[in-house]
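Hi there,

Here is the structure I promised to pass on. Have a look at it first, and my notes on its salt bridges follow below.

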Amino acid sequence: MQTHVFRWIATIFFSAGVIFFVGHAGAQSESTAGKKKADAVKKTDTADKKSDTTGKKSDTAAKTEGKKASSGEKNSADTKKTSDTKTPAKASAKDTKDAKEKKPVAKKEPKKKVDPFESPNFVKTPTQLKAEFAAIRKMPITFTGQLAGTPAQLSPLLQNKVLQVAAENELRTLMAYRAVVGVPYDNMTLDRQQTAHAMAAAFLLNKIDRLDHNPPCPPGFPQDMYQFGHKGASCSNLFGGKGITGSVRGYMNDSDPGNIKSLGHRRWCINPGMLTTGFGEFGKYAAMWSFDGSQDLSQFDYDFLAFPARGLTPANMLDHDWAWNVSLNPKKYTLAVAPEAIKVRVTPGLINPKTAQFKKGPQPMPVDSVRLCQSGFGIPQCVIFRPRTPQLRDGAAYCVEIDGFRNPDGEEATIEYWVVFTQPI
């Protein structure tokens, strides 16, 4: 066993022409070994064992370092190879330019144009009214329900195609008024049984030659026909002079001395609960079944309903001598004063057609026939009044103010809205 132990482990790795030497010394220096020669002889066995152990550890370390060096050499070679591959500067600039050009550009959404008429001051905007009127003109009219207990005398009248067309046209007129006011209309139908009752009512009125919601039985008149017609007369709006055509406009007028106190026919026409109706005609008399309340109102809410409407009303839908009315939701408004103490002011004003902003004039106009009707014609709480000679022209605007009611909070408040007349639609 030699005194001095030197272990050199040389690990040679070849990768891309580069040689790495890793050396490990496993013995003591010459000077130290000379001085401790005797001790070295005594501890030969121990040294040999330690040398063997050190050798094993050195071999293991050498292998580990070799693996690291090999990995480092490979990465170095790959890095060098990559760096040696040069891309022309012009190509790089072009690629960058192309990348910028191909980058998707987010499209700017156009700003939504806000309709100034979309506000609580207007039941419908001009665009909505035009669209709804156009749809009503093209809307197919449906007959629903079944006939039951119909007198035989009515069969020819119910099969009259001319009367059917007239009834369909009047229902469209009724829908248009309801659309302006803001109550349900587009699911309305003509009911066969209600049509039969209206037809029998017109037949009976023609026989007695007058309008009567409780007509007597003419001498010799068939009893079954009388009972059927009487029910029709008591549950319908009645019209005399022109038959079915034009009758709805007559009901909406309702401003003659006998009807202006209640406007009952108008209020039945724009009753929110109406879903079905029927029209009848015989001679110069006509009837429209009015006592229907089958409309689903679960999604319908209102503070008040007015005609002329809150907001826009085509000027050709009324005349200057017609009464105006406001029907208040009885669940939201309660009377705060005696009915005769209700005050109504109608003030001419201006509207800016671009901004839909109003400017009230300095002086209210005279108003006649102010009255509160609490009878149950549709909505039971109705304020009726008639402004003197309003101008029914495109752009004419009027501010309506009503005092004498408590609002939903229980406070006395002025009910205010604007009426704006438009050109015919």
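**Salt bridges**

In this predicted model, Arg-345 and Asp-403 form a salt bridge, with their closest N and O atoms 2.8 Å apart (the term means a side-chain nitrogen of Lys or Arg within 4 Å of a carboxyl oxygen of Asp or Glu). This pair links distant parts of the chain, with Arg-345 in strand S13 and Asp-403 in strand S17, 58 residues apart. Strands here are DSSP runs (E, at least two residues), numbered from the N terminus.

Arg-345 also meets Glu-401 in a salt bridge (3.4 Å, N to O). Glu-401 counts as buried because its relative accessibility is 9%, while Arg-345 is partly exposed at 28% (buried is under 20% relative accessible area, exposed over 50%, partly exposed in between, with a 1.4 Å probe and protein chains only). Together with Lys-360, the residues Arg-345, Glu-401 and Asp-403 are linked in a network of salt bridges.

Elsewhere, Lys-332 and Asp-301 pair up at 3.0 Å, N to O. Asp-301 is exposed at 54%. Across the whole structure, the search finds 10 salt bridges.

Two notes on the numbers. Residues are numbered from 1 along each chain as its sequence is written, and side-chain values use heavy atoms, leaving out hydrogens and water. As the model is predicted, local features need pLDDT of at least 70 and side-chain atom pairs count only at pLDDT 80 or more, whereas totals for chains, interfaces and linings use all residues.

Best wishes

Methods
Helix = DSSP H or I, 4+ residues; strand = E, 2+ residues; numbered from the N terminus.
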